[in-house]
Amino acid sequence: MPGGDRSTLARSPLARLPDRALKYGLTALAALILALIVFFFVRLVGEARPAFAHTGVFGFTFDNDWDVSGEKFGALPLVLGTLITSGLALVIGVPIAVATAIYANELCPLRLRSALTVLVELLAAVPSVVYGLWGIFFLAPKLQPIEQWFADRLSFIPFIGGGAVTIPNYFIAGLILAIMILPIVSAISREVMATVPADHKEAALGLGATRWEMIRTAVLPYCRAGIVGGAMLGLGRAIGETIAVTIVIGDAPQLGSHLFGQGYSLAAVIANEFGEAQGVHRSALFAAGLVLFVLTLLVNGIARVLVNRASHPTERSATPPVPVGPQPIAGAVAGA
Amino acid sequence: MSAQSPSSAKLHRFAVTPARRRKDRLARGAISGATVIALIPLALVLYYLLSKGLSSWSWSFFSTDPTGNTFFKTSSIGGVKSAILGTIEIVALASAIAIPIGLGVAVWLVEYGRGSKFAHLVRFFVDVLTGVPSIVFGLFIYIVLIVGTGSSYAGYKGSFALALLMLPVVIRSAEVILTLIPTTLRESALALGAPRWKVIFRIILPTALPGMVTGVLLAIARAAGETAPLLFTAASTRNTNFNLSQFMNSLPVQIYDDVTSPTTAVVNRAWGAALALVTMILLLNVIARLVSRRSRLA
């Protein structure tokens, strides 16, 4: 049919309408997300401004005095409390999480692997408030004598020991946070470890490496960036975790004198004081929220870059992967 | 081992020395040990929840509202009826907001935005949302819906806060599933003359459905356990209430309120409520896993 009129096949403008509507509707929805975040951020800064005007941005972040009745809002004890507890969470949680990932990927019998991953993920299903409840009524009282023992023995180290151990304290908060970040760090590490080419591992084993030497020389170096990224994502979680920490940290508005003493954190102060806050106090809590927001933004941004780079290993190496398959091994037959 | 031939003598040098073997055993033992340690908290939490929570479960625990003055009346402190109903109402509305928007954005990211600069930006902002602490969502909603309107706490405001929290989970999980759909499926439908919207509604979404349901259920499970965003958006009250524009109780908030009580009976009520909450969330998780097994993708 030369010269046939193809335009009869085209849709009428009316039939094109739902297509256009869907496309622009969905685009608008995506744009809405962006607009919402920017809007929230601007409003949060606006609400926090009176507090910054009251003490100055520098003063707010670095003054060591949070005294509500005296209208003094120096958030240093809160910032440090957040950093101490989430730092502790990393120190305790990351090695254990990475170990579970290594175990699941390299050592575990295949049948147990999925059961193990499900169990670790269940840790993430327990709500924050339940960890808090368990932490304050079970974990903290049970651990108090052990903590006291350490505090007495290690009293020569500044900040660690030397005082009476209270039931809610920084250490318990860090420990609970370690449990809470374990699933995410473990999941990311497992994901990244799954990208290690089997060739690398087999090559290490073929050269006579033991299992552990293979893990140390082939697996861990390959996924270092990804594991660090996973740890940073965990750090982001730990920084923003609110309710569990509020319950077990003790809510003391001064910087605790030692690791086993009561403290406070940025998220906890908001949860605890916001309900009754007025005027500058409320604005100071918004400012604490802003600091928290910016802090988690930074940590998560770095983490995302590291994790994304690690889980797309093709972008790292320009050399194409060697095809794997049955290949004649020279001399294998002759040697037999 | 005696050297019988020159070649085996050479090989002997490469055998695993006792020191290396010891190190290997030690490292493997440490890794296995750490894995066991990781699971101890889970066992302890579940054990304590069951042992403390079950004893406060009874018919009246689920059929009465918590009562206020608990100091002298240890026998009739009430149960968790309003909290359970409140949680269901708030989370239902949050889902009704977050699921359509989230799936819409995911479809846009995969079907329309693929590779564009704007899609990268949207994806980055969704990642930002994932990292925002839940209490900050509460602050956002407080600023907009409470400071902004000059009104007080309400159940639907809590729903908005939870919806914000669910959005990134829904979007990212749906996006993963949608990218798994083979391009050939889209191309064959388009080649048969189906318009884009029909391809999306009749081909893409039904294929992706089981996988997306999993992501949605996990998002709901996460939202149901959140306390922080509800504290100063939905607040808490003791009465059962079906009007989302009023103060509303919820399980996490009631547990949080009860934790600080000096009365043993109230703390026991918190354990019972915690067991109820964890049971709900675990059920959602189990259903999510069962559904994902039915998915033909992935």
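I will go through chain B of this predicted model, and then the side of it that touches chain A.

Some housekeeping. Residues are numbered from 1 along each chain as its sequence is written, and chains are lettered from A and ligands numbered from 1 in the order in which they are written. Because the model is predicted, local features need pLDDT of at least 70 and side-chain atom pairs count only at pLDDT 80 or more, while totals for chains, interfaces and linings use all residues.

Chain B has twelve helices and zero strands; these are DSSP runs, H or I of at least four residues for helices and E of at least two for strands, numbered from the N terminus.

On to dimensions. The C-alpha trace spans about 90 × 65 × 35 Å along its principal axes.

Now the partner. In chain B, 65 residues are in contact with 64 residues of chain A, contact being C-beta atoms, placed from the backbone, within 7 Å. Several helices of chain B each supply at least two residues to that side, among them α4 (81-112), α9 (196-224) and α12 (264-294). The largest share, 17 residues, comes from α2(B).

What classes of residue does the side of chain B that touches chain A have? There are 49 nonpolar, nine polar and seven charged residues. Nonpolar here is Ala, Val, Leu, Ile, Met, Phe, Trp, Tyr, Cys and Pro; charged is Asp, Glu, Lys and Arg; the others, Gly among them, are polar.

Technical notes
Contact = placed C-beta atoms within 7 Å.
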